[in-house]
Every structure is written in C-alpha cells, then in structure tokens.
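Morning, everyone. Please bring the structure up.

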Amino acid sequence: MSFWGKVRRRLPAVFQTERTRELDDEIRFDIEQETQLRMDRGESQESARASARRDFGNVTLVQEDTRDTWGWMRLDRGLQDVRFALRVLRKSPLFTAVAISSLAIGIGANTAVFSLIDAILFRAMPVRHPEQLRLVFWAGEPKLSMGNFAGYATRTRGIEAQSSFPFPAYRRLADCAPQLFALGGFAHAQLTVRARGESEYAAAFFVTGNLLQEVGIRPTLGRGLVPSDDHVGAPAVVALTYRYWERAFDRDPGVVGQTITISGRPVMIVGILPRWFRGFEPGWNYDLMLPMASVASSGSIWYSLDRPDLWWVQAIARLRPGVTEEQARAAMTKVFRVTEANSPEAARRSGRLPWIPILLDGSAGTPQLREDAISPLMLMQSVAAIVLLITCANLANLLLARGAARSREIAVRLAIGAGRSRLLRQFATESLLTAAAGAALGLAVAPPFARVILRMAAGAEPLAINIGLDGPVVLLTIAITLVTSLAFGLIPTVRASRLELSPALKEGSSAALGGGLRGRRLMIGGQVAVSMVLLTGAGLFARTLVKLSAVDPGYDPSRILTFTVDAASSGYQGPAAARVYEQIRERLETTPTIQAATISSIPLMGESVGNAPIVLADDHSSHAGEARADYLVVAGHFFSTLGIPLLFGREPDGRDTPASPKVAVVNEAFVRAYSFGRNAVGSRFRFAAHGAAQPGELIEVAGVCKDVRHSSLRYAFQPAIYLPLSQNPDGMGIATFEVRTLPRPLTFTSLVRRAVADLDRGLPIGDVRTQEDQITQSFALERTFAVLTGAFGALAAALVVIGLYGVTACAVARRTPELGIRMALGAKSREVSWMVLRESLSMTAMGIATGIPAGLALTRLVRASLYAVAPSDPFSFLLAAALMLAVATAAAWIPARRAALTDAATVLRSQ
Amino acid sequence: MTSSKHDNQGIELLQGTLDMMILRTLQWGPQHGHGIGIAIHANSHDALRIERGSLYPALHRLERQGWIDSEWKTTENKQRAKYYRLTRTGRKQLASEESRWNRMVEAIACVMRRPREE
C-alpha cells in the first residue's frame with residue numbers, strides 16, 4: 001500500500017468515503033454469494049435473496065461495528081452526532097434562533113464587561129517581568145515646601161499616598177541604590193503641535209531618558225528616547241504614540257526623521273511607540289513623548305528641573321532580579337531622611353506621620369482609573385451575570401419544553417435500538433452546539449458592545465484603554481459556555497433518557513406532553529424574580545437620571561459653546577497669556593452673531609475646581625484657620641453672560657485694574673458659611689498662606705451671586721470666590737471660553753476657530769462642546785447604568801414572556817381533556833380562561849414575592865450611584881412589579897383564550 | 001431490544017477463538033469474507049455459524065493488527081471480491097495461539113476427565 005493509502009486508511013470514516021464504499025461492496029458481495037449458494041440448493045431467487053439478507057442480519061449495524069474497528073470510532077460518532085444535531089436545530093429555526101441569540105446576549109454581555117474589567121483592572125503591560133515594576137509614592141509630612149503639586153493621591157492600607165516628587169528629589173531617589181532598582185520619571189502636559197500645516201493641542205508626556213529601556217518598551221519604528229536625549233541642550237527629539245501617528249500622519253513610515261513644531265520649536269521625530277502603549281496612566285491618551293530635559297518647552301510654570309518646591313514628577317521603579325520591595329523601600333527611606341535634613345525650611349509641624357516612600361504595583365500603570373472604575377465595573381458585571389442567569393433559565397426552560405415535545409421521538413429511537421448513552425450524547429451534543437454557537441456570536445458582539453459601554457460611561461473624554469479578546473477573556477467565555485451548556489443541557493437529557501417507553505409511544509398521552517412542568521414553573525418564578533431585580537434597578541437609575549436632569553446648575557446653559565485655549569503651550573507666558581485671552585474674548589464679542597463671551601479658569605461642570613484656605617479679615621468667630629473656598633478666575637461679563645443672578649453688589653469690570661484695590665464676587669454659600677449676612681459687599685478676606693504660597697492681599701467682596709454648580713450636580717454648594725482676570729493675570733492656566741451664540745451652538749465652531757486663528761495662527765482651540773453637553777456628560781455613568789439595566793430588564797421581561805407562554809401553552813395542551821370535561825359539566829369559558837391566567841399570575845406573583853426582598857438587598861449596594869432616590873424607592877419597586885404582572889398577563893393571554901375555546905364535544909370524542 | 005452480537009444458534013464461541021479460526025482458515029490460501037464463514041461452518045461440521053456482525057469487524061480488526069492483509073480480486077464468476085490473506089506476522093500469531101489453545105484444551109480436558117471422588 002502506498003504511503004498516502006496508509007494515511008487515508010487512518011482517517012475517520014467520514015473522510016474515508018472510498019473505504020466505506022469498499023465495505024459496502026464487500027457486504028454486497030457476501031449477500032450475493034449467499035443468495036447464489038441458496039439458489040444452487042434449489043431455492044427461488046426471491047426467497048434466496050430474502051433469506052440471505054435475513055441471515056446476514058442488520059447491515060447498518062455490521063457496517064458500524066466494522067467501521068468501529070478502524071480506530072476512529074469516537075470522533076466518527078461525534079461527527080455523526082454533530083451532523084444530526086445540526087439537522088435537528090435546522091428543523092426548528094425559531095427555537096434555535098431564540099436559544100442562540102439569547103445565549104449570545106448573555107455571553108456577549110458578560111464577555112464585554114469582563115473584557116473591560118480585564119483591560120482596566122487586571123491586565124499588565126506587555127513588557128518583560130511586569131511584576132518587577134513599582135510605582136513610587138510618598139505619604140506623611142514632607143519637609144520640603146510645596147509650591148505646587150501636580151499629581152494625585154491614592155489610598156493604600158489606610159494611608160493617603162501622593163504621586164509626585166520635585167525633580168531634584170526624584171534624582172536623589174534614582175541615584176540612591178542603582179544596584180537595587182532603576183528609577184524612571186514621567187509627567188504629562190498639553191503642548192501645541194504644528195504638523196502638516198495645522199496647529200492643534202497634543203497630550204504629551206515627558207520621560208527620563210532611561211524610562212523606555214528600563215520598563216522595556218520597544219518602538220515600532222525608528223528608535224525610542226534614550227539617556228543621551230535627556231540633557232539640556234541635546235538636539236530636540238520626540239517619539240510619537242502609535243495613535244497620534246495614525247491620526248496625524250496616516251501611519252506614514254516616512255515621518256521618522258522629519259521635523260515638526262512643538263510649542264514653537266522644531267523637533268525631530270525619532271520613532272513611533274508600539275501600538276499597545278498608551279502611557280503609564282490608563283484611561284488617558286497621549287500623542288507625544290519628549291525627553292524630561294525639554295520640559296521647559298512646555299511653557300508650564302509648574303514644571304522645573306531645579307526647583308525643590310514644585311511637585312510634578314511621577315516615578316516608576318524596576319526592581320533588580322531578586323531584590324525585594326522591602327530592600328528598595330529601605331534604600332529610598334534613607335534618601336527621604338537626607339532630603340528632610342537638607343530642607344530645614346518647613347519642619348514646623350511635628351508629631352505627624354514621617355515622610356515615607358510607598359511602593360505600589362506598577363505592572364499596569366497608575367491606579368486612578370482602576371480606583372474610579374472598580375465599583376461601576378462590579379455593578380455592570382453583576383447586571384451581566386444576572387442576564388446570563390436569566391438566559392440560562394430561559395434556555396433550560398426551552399429545552400425542557402422541547403425535551404417533552406420530543407419524548408415520542410426519543411421513545412421511538414430507544415425502541416428501535418438506540419443506546420441510551422448514545423441518546424444522551426446526542427442531546428448533549430445538541431445543547432453543546434447551541435452553546436457554542438451562542439458563545440461564538442457572543443464573542444463576536446462583545447468587543448463592539450464593550451466599546452459602546454465605554455463610550456457611554458466615559459462621558460466627554462473617550463477612555464483610552466485597549467479592549468481585546470485575549471486569553472483570560474476567551475477562557476472565561478469558554479468556561480461560561482461549558483457551565484451553561486451543562487446546566488441547561490443536562491436536565492432535559494437525563495429526563496429524556498429516563499423516559500418510560502410504552503406510555504410515551506402512545507400518541508397524545510399526557511406523559512409525553514407533560515415532562516417537568518413543575519421544574520419549568522420554578523424556573524419561570526426565578527426568572528420573574530431576577531427580572532424584577534433588573535427592572536427595579538432600571539427604575540432607580542432612571543429616576544436618578546430624571547432627578548439629576550432636573551437639578552438647576554445655577555446658570556442658563558442653553559446656546560452656550562465652550563472651548564479651551566492654552567496660551568502657555570503656544571509660547572505666551574504670564575501677563576501675555578492673560579492679554580491674548582482678553583483679545584480673543586473681545587474679538588468674539590465683536591463678531592455679529594455672537595452675543596457675549598466670557599472666560600473661566602475651569603470648565604463649568606468639568607472635573608475639578610481649585611480650593612484654598614482663606615482668612616476672613618473682619619471675622620472674629622471660630623472660622624479662623626479652617627475657612628476654605630473654591631476659587632475661579634473669570635473674565636468678561638461672566639455673570640450676566642451665563643445668566644447667574646447677582647444678589648448684591650456689582651460684577652467686576654474695567655474699573656478693576658491691577659493697580660486698583662482687589663475685588664471678587666462670592667456666592668451665597670460663602671455668605672452663609674461665613675455669616676456675612678446682608679453686609680457681605682464691602683467685607684474683606686485674603687487667601688491664607690499654604691505651602692509656599694504667601695498670604696494674599698486683602699480682597700474686597702464686590703458682589704454676591706447665586707450659587708452655581710462647578711464640578712458636579714450631586715454635591716452641595718460650596719463657598720466660592722470669583723476673581724477677575726484683570727487683577728489675577730497668572731491665575732488663568734488653560735482658559736475655557738463660554739460663548740453665548742444663537743441656537744445650535746456647535747455650528748459656530750468654525751466661526752470661533754477662525755476668530756482665534758485670525759489673532760494667532762499658532763493658537764489652536766480644543767475641547768469644543770456645548771455647555772449642555774458638558775452637563776449631560778457629567779452624569780454619563782448614571783445614564784449608562786440606566787440604559788444597561790433598562791435594556792437588560794426589557795430583555796429579561798421578553799424572555800419571561802417566551803418562557804411563560806411556552807409553559808402555559810403546554811399546560812393548556814396537557815389539560816385539554818380536563819378542560820373539555822369541565823366545560824361539558826357547565827364551566828363558562830371565562831372561568832376556564834381565568835383558571836389558566838390565574839396559574840400564570842400565581843407563578844409571577846411568586847417571582848415578584850421573591851424578587852422584592854432580593855431587590856431590597858441588592859439595590860442597597862448601588863446607593864452611592866443613586867441621586868435623590870432611596871434604594872428602597874417604593875415607586876421603582878411597584879413599577880417593576882406592575883410591569884411583570886402586565887407582561888405575565890400578556891404572555892398567558894393567548895393560551896388562556898385557546899383554553900376558553902375548547903370544544904367539549906371534540907375533546908371528549910377524541911379521548 | 002438489541003440482541004447480542006455473539007448469539008450463535010450452535011455453541012457460544014469462546015472469547016478470542018474466532019480470530020484464531022479465521023487465521024487458521026486463511027492458512028489454506030486467500031479467501032473472501034463469505035468464503036471464510038462457509039469454511040468455518042463446514043469445518044465445524046455445521047456446528048458453528050459465524051454471525052456477519054462478528055466476522056467483518058474481526059476481519060477488519062485483524063487487518064488493522066497486521067495479521068492479515070487484503071486485496072480486491074475477481075472471482076471465477078467475474079465478480080469483484082475482497083480476498084484476505086495471512087501475513088508473516090499473522091502466521092506467527094496463529095502458531096502461538098494454536099499452541100496456547102492446545103495447552104488450554106488439554107488443561108480443561110484434564111479437569112473434566114478426572115474421576116469424581118466419592
């Protein structure tokens with residue numbers, strides 16, 4: 001036999017068509033031979049043929065048994081099972097469609113949320129030994145003065161740890177124990193980039209020259225930044241992130257070596273960073289990577305390589321192999337002490353936590369996003385898990401119904417000799433196949449679904465994370481699929497194989513129709529309970545949304561276009577920046593269709609607002625030392641433009657110059673908190689000394705305005721101070737312009753862009769949006785919860801309808817003889833349909849009765865995400881219960897009608 | 001509902017003896033499946049009838065084990081038939097099975113012939 005012949009003979013029978021045909025020939029020859037033998041003995045041809053066949057036995061069985069010896073029995077039968085299962089599934093397309101699509105939704109939702117969880121909470125950077133990476137934080141009382149802090153705090157083991165260091169302190173940490181760890185530093189800033197003739201803002205991060213190499217980030221193209229780039233006076237170079245390369249240069253490999261203008265200076269592109277790398281701060285997108293030494297070019301007055309009082313460098317360490325976190329920490333602690341000794345300046349407070357280094361896991365970058373996202377993600381995962389629970393219950397229900405409907409088929413197959421184990425396998429194959437199809441579909445819809453959730457939940461800024469189906473996500477999906485298919489495939493299968501043959505074979509017998517109605521009712525009750533929980537949650541979030549939308553922000557957000565300008569990153573420093581902002585504002589106000597324009601140092605309803613201690617000049621009460629207020633720098637007719645009513649006094653205007661006495665507007669909350677009463681106008685305060693900031697000049701209250709929401713609709717009003725730009729030229733970092741336009745503010749974007757460009761072509765505008773969007777985006781997360789729970793609640797209710805209809809219809813079919821007798825004995829059709837309805841309603845009531853306490857227990861967990869709605873809000877619970885009852889009635893209505901139309905005579909005759 | 005595949009009208013075959021008898025039958029030359037069945041039937045003086053449900057799986061198994069191999073040939077009646085033939089290893093296998101069989105028959109015979117002790 002040839003080699004290929006041998007190979008072919010080793011293949012499973014389905015592939016061995018030739019061999020199978022040979023076997024057929026062999027058997028045919030045997031029977032012909034036997035026939036001939038019998039004819040030779042004198043039998044007639046027909047009888048010889050018939051007896052030869054009879055004596056041969058079951059041809060198919062002989063064929064199967066013989067093929068089994070070919071050694072591929074299992075796979076062969078498996079494939080046969082699959083083919084049969086496919087045929088069965090194709091024969092009932094509605095069942096298959098409902099089963100697969102509901103499973104796909106359940107699995108898709110879980111996979112989507114889990115891929116978010118994996119991307120945000122678990123996944124380490126794809127670098128060598130990510131477990132050696134540590135973020136370096138500090139806690140306690142720094143003995144260095146703090147002029148400005150650019151960073152964030154995170155709580156770890158009850159200690160508040162701060163993220164950033166002054167550059168000199170970072171240097172000392174980096175040099176203290178190179179044998180134990182390598183330390184890299186990074187910081188981020190907004191820069192103005194001019195490439196291919198267009199100016200725009202770019203998110204940049206500055207890194208020390210050793211960072212890429214130590215962390216292990218290899219560029220996709222060209223080279224990364226190296227230590228020799230990181231010197232003052234070295235040639236100016238930049239590496240682009242993959243995203244920016246894609247966005248600005250269409251992935252043109254020719255850009256490496258070209259020069260672009262960054263903040264007015266020519267800089268050469270040396271390389272492209274890998275696609276997965278989005279910086280060390282998950283959630284943020286970066287465009288450019290520059291050497292730390294070029295930080296002066298950012299125009300930021302808060303970043304300096306020399307000043308010990310500006311805190312802005314974040315540090316990431318790679319521990320050398322075999323070095324423990326404790327050893328590294330001990331070495332760093334010594335440096336902290338030295339630093340402390342070197343700065344006698346601010347050792348005023350004692351008895352506080354000493355300044356200590358804190359090392360946190362750095363394998364996945366900084367923890368802010370993880371901290372923010374963990375509870376929303378857990379909530380979404382719970383919702384997704386509930387959805388999967390419902391789809392499983394629904395499928396079990398469908399399969400039980402089908403198992404019952406197919407009991408005659410099963411009985412026939414058992415009767416003609418199919419093995420029970422074979423049947424079990426057949427059914428298991430069917431459910432496994434359904435589950436696999438559902439999982440495949442679920443996997444396919446998961447990534448887009450995850451992106452939709454992300455876009456919905458993130459609000460204004462798209463969250464920059466890499467969502468993908470990688471190892472753990474796919475494994476989880478497979479695990480879910482297996483568990484699901486076992487869960488819903490086993491019960492009907494076992495039940496089917498236990499079937500008693502003879503009653504099942506009798507057509508119309510109730511055993512054949514009945515199969516497990518009690519189990520199915522329980523399942524429906526459970527589904528109702530779980531749907532109740534989801535719908536209640538949807539109700540709570542919807543009401544939260546309504547309440548939030550109804551919150552008065554304190555100003556009129558309609559027809560307001562907002563955008564930002566960052567003069568510092570385009571080369572304007574100090575007073576020059578204030579001047580250019582003022583020029584832009586005036587230019588806008590003289591544009592015909594624009595009614596008014598104003599500027600604020602933070603976007604209203606943006607992320608955060610500055611807050612500082614103040615001293616009340618004329619106050620003799622107990623507030624001294626603990627009075628604080630939010631503060632904003634504003635320009636133009638801020639209050640009248642935004643429609644914020646002034647209660648007393650006046651708005652700052654042209655009279656208030658750097659030379660004249662300092663003035664400010666305060667809000668009602670300020671007046672209330674510091675008991676100014678009606679005499680607020682004319683009273684005075686100053687900013688207290690904190691950190692390196694000297695006590696400010698005395699500021700006189702010129703006016704009192706109504707309270708305005710600055711950062712969140714949820715918070716109570718805080719005391720706030722509005723300072724005029726004219727007297728605080730350094731106070732406006734990135735300026736947010738608020739422009740009152742005609743309706744549809746976004747159509748004014750190009751007008752505004754042109755007005756700014758006319759003034760300086762190198763001055764781009766950023767973050768263009770309407771003020772109304774800015775407000776709605778501030779409760780994006782709540783809206784996401786409402787949409788998710790609402791959509792899944794609706795889905796759950798739809799599945800309940802399917803299940804309830806199925807069970808009720810089945811029960812009616814089973815009870816037809818009984819109903820016939822009842823009607824023959826005089827029952828009215830209305831009574832009969834009520835009887836059917838009542839049963840369905842009692843199932844629903846049981847589910848609701850279980851769902852309410854479950855809901856009460858679970859909604860308490862989302863209290864933090866609700867606004868002005870109690871977790872036990874009776875309205876939401878009642879609404880959910882009413883909805884479930886309505887749905888149940890609708891589902892049972894058709895079978896109930898059918899029951900009522902039972903014709904007694906027909907039924908009794910057919911029995 | 002299913003019937004045993006090894007249900008013989010005559011004597012129940014001992015486990016493994018079918019393979020041996022097939023090998024033995026093929027010692028006289030190549031033969032097709034039907035012929036092997038006839039031969040065993042005839043040589044057992046009509047005592048053994050080999051079920052096709054046992055014969056064909058056994059033939060294919062023996063072929064897979066390499067003790068026999070097969071070839072399609074044309075019979076005297078110009079029909080195509082699959083002829084099985086003993087291989088070299090099959091011959092060795094037959095010898096060892098035969099001697100094992102003989103030892104067993106003797107041993108059983110000894111037990112059965114032993115006079116009853118009163």
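Which strands do the buried residues of α21(A) pack against? Keep in mind that this is a predicted model. The answer is β16, β25 and β26 of chain A. In residue numbers, those strands are 560-565, 735-740 and 766-770.

Now the helix itself. α21 of chain A covers residues 771-778. Its buried residues are Q771(A), Q774(A) and I775(A). Look down the axis of α21(A): these buried residues fall within an arc of 95°, so they line one face of the helix. An α-helix has 3.6 residues a turn, so residues three or four places apart point the same way.

Next, a helix pair within chain A. Take α17, residues 575-589, and α20, residues 749-759. Their axes come within 10 Å and cross at roughly 130°. That angle makes α17(A) oblique to α20(A). The crossing is right-handed. From α17(A), the contact uses V580(A), Q583(A), I584(A), R587(A) and L588(A). From α20(A), it uses V752(A), A755(A), V756(A), D758(A) and L759(A). By class, that gives 7 nonpolar, 1 polar and 2 charged residues.

Last, a pair between chains. Helix α2 of chain A, residues 17-40, meets helix α2 of chain B, residues 33-43. The axes come within 8 Å and cross at roughly 50°. So α2(A) is oblique to α2(B). Chain A brings D30(A), Q33(A), E34(A) and L37(A) to the contact. Chain B brings G33(B), H34(B) and I38(B).

Methods
Residues numbered from 1 in each chain as written. Chains lettered and ligands numbered in written order. Predicted model: local features only at pLDDT ≥ 70, side-chain atom pairs only at ≥ 80, totals over all residues. Heavy atoms only, no water. Buried < 20%, exposed > 50% of the residue type's maximum accessible area, 1.4 Å probe, protein only. Helix = DSSP H or I, 4+ residues; strand = E, 2+ residues; numbered from the N terminus. Arc of directions from axis to C-beta. Contact = heavy atoms within 4.5 Å. Axes fitted to C-alpha atoms, helices over the stretch in contact; angles between N-to-C directions. Parallel < 35°, antiparallel > 145°, perpendicular 65-115°, else oblique. Left-handed = near helix turned anticlockwise from the far one by under 90°. Nonpolar A, V, L, I, M, F, W, Y, C, P; charged D, E, K, R; others polar.
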